[in-house]
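Biologist: Can you put the model up? I'd like to go through it with you.

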Amino acid sequence: MTNQLSEEQPANNPTYRYWVLIGMVLIAGFSQGMLLPVLAVMLEGSGVSSSAMVSMLRPYI
């Protein structure tokens, strides 16, 4: 008799779970740590001065 449950549950594989966890941590860290610098670079490229950005972001800091 073969065990059908082990063949149908690849998501329970520890290697798969590890890489899913690493991916989630990378996405969360990137979104939290890089969002404001990327926004600053984009706005500077559009001609918005950094002093205008500081006054615009002051309520969120």
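**Fold and surface**

Modeller: Along the sequence, the protein reads α-α-α. This is a predicted model, where local features need pLDDT of at least 70, side-chain atom pairs count only at pLDDT 80 or more, and totals for chains, interfaces and linings use all residues. Residues are numbered from 1 along each chain as its sequence is written, and side-chain values use heavy atoms, with hydrogens and water left out.

Biologist: How many helices and strands are there?

Modeller: Three helices and zero strands. Those are DSSP runs, numbered from the N terminus: helices are H or I with at least four residues, strands are E with at least two.

Biologist: What share of the residues is buried?

Modeller: 3% of the 61 residues. Buried means under 20% relative accessible area, exposed over 50%, partly exposed in between (1.4 Å probe, protein chains only).

Biologist: Now H2. What span should H2 have?

Modeller: Its 32 residues should span 46 Å at 1.5 Å a residue. The expected span is 1.5 Å times one less than the number of residues. The end C-alpha atoms of H2 are 44 Å apart, which agrees.

Biologist: Where does H2 bend?

Modeller: At methionine 34, by about 50°. The bend is the angle between axes fitted to the seven residues ending there and the seven starting there. Proline 37 follows within four residues.

Biologist: And which residue follows H2?

Modeller: Glycine 47, with a positive phi near 100°.

Biologist: New topic. How many aromatic pairs?

Modeller: One. The ring centres of tyrosine 18 and tryptophan 19 are 5.2 Å apart and the planes are at 75°, so the pair is edge-to-face. Rings of Phe, Tyr and Trp (its six-membered ring) pair if their centres lie within 6.5 Å; planes under 30 degrees apart count as stacked, over 60 as edge-to-face, the rest as tilted.

Biologist: Is tryptophan 19 buried or exposed?

Modeller: Exposed, at 55% relative accessible area. Tyrosine 18 is partly exposed, at 44%.
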